[in-house]
Amino acid sequence: MSDTSMRPEAEQHHADLERLVEPSRQSPLQRTVTTVVRSREMSILLVLVAVVAAATIKTPSFLFSENSWRDLLLTPAILLLLATGQAVVIITRNVDLSVGSVLGLTAYLTGRLFVDMPGLPVIAVIVAGVLVGTALGLVNGVLVAFGKVPALVITLGTLYVYRGVVLTWAGSNRINADDMPAGFLRLGTRSILSIPVLTLIALLVLAVVGYYLYTARGGREMYAIGSDPDAAVLYGLNVRRRLLSAFALSGAVAGLAGVVYAARYGTVSSSAGTGMELQAVAAVVIGGVAIFGGSGTVWGAAIGAMLLVTINRALPILGIPDFWQRAVVGALIIGAIVLDRVLSARQARKLIEAREQS
Amino acid sequence: MTSAGASATLELREVAKAFGPVVALSSAGIRVEPGSIHALVGENGAGKSTLIKIVAGVHRRDSGDFLLEGESVDFTSTAESKAAGVAVIYQEPTMFPDLSVTENIFMGRQPLTAGRRLDRAAMYAEAEELFTRLGVHIDPRRPALGLSIADQQIIEIAKAISLDARLLIMDEPTAALSGVEVDRLFAVARSLRDEGRALVFISHRFDEVFALCDMVTVMRDGAYVATHRVDETSVEEMVSLMVGREVADLFPKTPAAVGEAVLEVAGLTSTGVFHDVSFDVRAGEIVGLAGLVGAGRSEIARAVFGVDRYDSGTVTMNGRTVAAHDPRAAIRAGMAFIPEDRRKQGLVTDASVARNVAGVIRGKLAKGGILTQRAESRAAGPWAGRLEVKTAALDMNAATMSGGNQQKVVIAKWLATDPKLLIIDEPTRGIDVGTKSEVHRLLSELAGEGLAIVMISSELPEVLGMADRVLVVCEGRLTADIPRGEATPETVMHAATHPLEART
């Protein structure tokens, strides 16, 4: 900036560059505040708040009624779990399309275990669901990490295979609420401190995964692999192991989501969870995780899941016709991706400019 | 430091490595003592990078000895070579653009707190310390995205220092650095040497080799040639060791009548890539574009053809300005462009020869929007025949052909558009010696028929043997325009290694 005197915009621009290039100059508090305020997560959270606010103004019972607060928190629990696992996989520059089928399989397994082995403790059933989910996720992971086939293709294949297993196993059978013990179904209705138990479970998983990604070597290596897979190999990172863990985690969380599904709805048919994988991908993308990996957080993905579920409930209240509801969700996804490209291109340009000036 | 008589930090003997039919190394060797800086020099394609990658664990040698501090080793991964204390800084640094500079330095071996969590405070502090020691001002918290090559190299060096590497290999680290940055790098390199570490320094700049290094090993055509003490050798001796062969008979360039200027490039500039590039190419002329890898030759060609953007300047074909950033306009104006990596950019390897050849003129061949295989074969036939492409039939899959024949198919493909100008990047890379001369003869013939040709080549003998005129690029600027009669390895190399500002 040699040719112009400092105009306000120029000053603003300069401050922007400093924030980007020299965050260490700021005090730790300043840094935290700018990071949070400027984060993608914050902007999605604001959209979520705006949607809830708009719906509540139109129909106050959207938020302020006995059941609606519970629904607001309980309905997203399943998608929140799936989005958490999906975010980890997408951060490594892969995708897991099989999660909907894994959910269906473990949801049916949950019901089946209660029917066939009455008296089995609830915790054993939950563990079984998670273990089966992990195994199914590992199959994806092995095929991707060792077969070197794109995850999109592998998990598209296992999406059909896993669903086929449920269809064959369940046939036209249906697990009903009567088949499951009351203690298990209470999980779906109980609240602690006015937060539904199932939501608490989802939030706990989210917290653990988020903490791992931020503070563990493994978590950082997942980001590195997604940021540049070739560089990860040259760095000597154990890429295979990280991919296996990412897919195993996604499977485990989807398995847990299957158990949660059974507890929440009380009935499980062979079509449980159909199409959920695309909602999970959508939530992750809306939540600011780059579709080519390397950046984004599970927190964003979780807020994306909340937004996706909430918007589906809010749009009818706002009087938007059925057809347009889906279009709004679509616009949200495309908007998120476009925003992502624009922001990252802008940031790249600024970072380059800043280096050339110094 | 190890005592006298102890084994060398690195020793390679009679190392061979082939990639399919292409022999990259036939009998390469080097011996690097601790506490010394060892230069490795050789022409582009002499096998230096392959040798480095074997040491780094990226490739495995086919045969030969590989000793590290006297012990025979055989790395199967980069993780193993790292654990053994080898750090390599590649020509193109490897970074994770989304992650912070500090994370880039410590990835995979971050300091941990008692609870096995990342110790970010310790990481930032150590990064800060490293940068201070290296004398650079980079914020450890900024993302790696947007760093210049010089900065990225500093990060790589910081990584190597924090690894406490015994052996540090730098592959052309100064290619993208300014004078100040080079001085800084050298100061760091000397201080590392004085700590008893061994350094291998690959460079094309002889002044740097003489300023920095203790020993020099010369390679040629994948083989060891000689090792000298730097203070006992001279630039002339090194150049003759590097080139060391007759070039004339390998490259059958027949003189052709030079006509009107076909291509005129004026003041072409793309910030940070190349600056103020002006040249012209006449009908019947082969212009060689020489320079080191990364000097900006391919980038200039890509901008002229309209693949890449440029900020200012003009490209004129036969007196008419060609629209910028529009390869279709360039093709209409009569340009043809054969990129360096033909498998990736010039040839549909999974398609038949006929389809490849007919690909660019599909529009003309199609009748009512429908393209028949027969029309494709009819159009492709004469070309493939003329180029002596050895394929049993035109419907043979291009992927199964040899590199030389693939290159001819790509050339045929573009000749079918009836171009006035052919830009060809590394025409014989990865092609065996026999077929090389066929490609050369073809280019020479085409020039004889009045085609203007721009040939980018890293192989000095090829440039000297084929070009009527040699343009030399150094750090994004044209530094010399040498007619055929005056072009020698020395003049070209000199221009390629001396940026303009340094010479005035």
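**A covered strand and its surroundings**

Modeller: Start with β13(B), which is mostly covered: 6 of its 6 residues are buried. Keep in mind that this is a predicted model.

Colleague: Which residues of β13(B) sit on one side, and which on the other?

Modeller: Ile286(B), Gly288(B) and Ala290(B) are on one side. Val287(B), Leu289(B) and Gly291(B) are on the other.

Colleague: OK. What sheet does β13(B) belong to?

Modeller: An open sheet of 6 strands in chain B. The order is β16-β17-β18-β13-β19-β20, with mixed pairing. The edge strands are β16 (335-338) and β20 (477-483) of chain B, and each of them pairs on one side only. From one strand to the next, the twist averages 20°.

Colleague: How do β13(B) and β18(B) pair?

Modeller: In the parallel sense, over 4 bridges. The strands cover residues 286-291 and 452-456 of chain B. Gly288(B) stands opposite Met455(B) of β18(B). Val287(B) has Val454(B) as its bridge partner there.

Colleague: And how many bridges join β13(B) to β19(B)?

Modeller: 5 bridges, and those two strands run parallel. One pair to look at is Ala290(B), whose bridge partner in β19(B) is Val472(B).

Colleague: Which strands does helix α9 of chain B touch?

Modeller: Helix α9 (residues 297-305) of chain B packs on the sheet and touches β13, β16, β17 (421-425), β18 and β19 (469-474) of chain B. Its direction makes about 145° with that of β17(B).

Colleague: And helix α18 of chain B, what does that touch?

Modeller: Helix α18 (residues 489-497) of chain B packs on the sheet too, touching β13, β19 and β20 of chain B. The direction of α18(B) makes about 30° with that of β19(B).

Colleague: Pick me a residue in that helix.

Modeller: Take Ala496(B), which lies in helix α18 of chain B.

Colleague: Is Ala496(B) buried or exposed?

Modeller: Buried. Ala496(B) has 23 C-beta neighbours inside 10 Å, and the cut-off for buried is 20 or more.

Colleague: What does Ala496(B) touch?

Modeller: Leaving out residues up to four places away in sequence, Ala496(B) touches Ala290(B), Gly291(B), Leu292(B), Ala295(B), Val472(B) and Cys474(B). Look at Cys474(B): it is 22 residues from Ala496(B) in sequence, yet 5.1 Å away in space, C-alpha to C-alpha.

Colleague: Change of topic. Why is helix α1 of chain B called largely enclosed?

Modeller: Because 9 of the 9 residues of α1(B), residues 48-56, are buried. Among them are Lys48(B), Lys53(B), Ile52(B) and Val55(B). Just after α1(B), Gly57(B) takes a positive phi of about 85°.

Colleague: Now the other chain. How many helices and strands are in chain A?

Modeller: 16 helices and 2 strands. Of its 358 residues, 44% count as buried.

Colleague: What radius of gyration does chain A have?

Modeller: 22 Å. A compact globule with 358 residues would have a value near 21 Å, so chain A agrees with that. Along its principal axes, the C-alpha trace of chain A spans about 80 × 55 × 40 Å.

Colleague: Where do the two chains meet?

Modeller: 27 residues of chain A are in contact with 26 residues of chain B. On the chain A side, the elements giving two or more residues are α1 (8-21), α11 (217-227), α12 (229-234) and α16 (322-357). The largest share, 6 residues, comes from α11(A).

Colleague: What kinds of residue are on that side of chain A?

Modeller: 14 nonpolar, 7 polar and 6 charged.

Colleague: Last thing. What ipTM and pTM does the predictor give the complex?

Modeller: An ipTM of 0.82 and a pTM of 0.73. Chain B averages a pLDDT of 80, and 80% of its residues score at least 70.

Colleague: Which element of chain B has the lowest mean pLDDT, and which the highest?

Modeller: Helix α19 (residues 500-503) of chain B has the lowest, 52. β18(B) has the highest, 92. Where pLDDT is low, the predicted coordinates should not be read in detail.

Conventions
Residues numbered from 1 in each chain as written. Chains lettered and ligands numbered in written order. Predicted model: local features only at pLDDT ≥ 70, side-chain atom pairs only at ≥ 80, totals over all residues. Contact = placed C-beta atoms within 7 Å. Nonpolar A, V, L, I, M, F, W, Y, C, P; charged D, E, K, R; others polar. Pairing = 2+ DSSP bridges. Axes fitted to C-alpha atoms, helices over the stretch in contact; angles between N-to-C directions. Buried ≥ 20, exposed ≤ 12 C-beta atoms within 10 Å, placed from the backbone. pLDDT = per-residue confidence, 0-100. Rg over C-alpha atoms; globule rule 2.2 N^0.38 Å.
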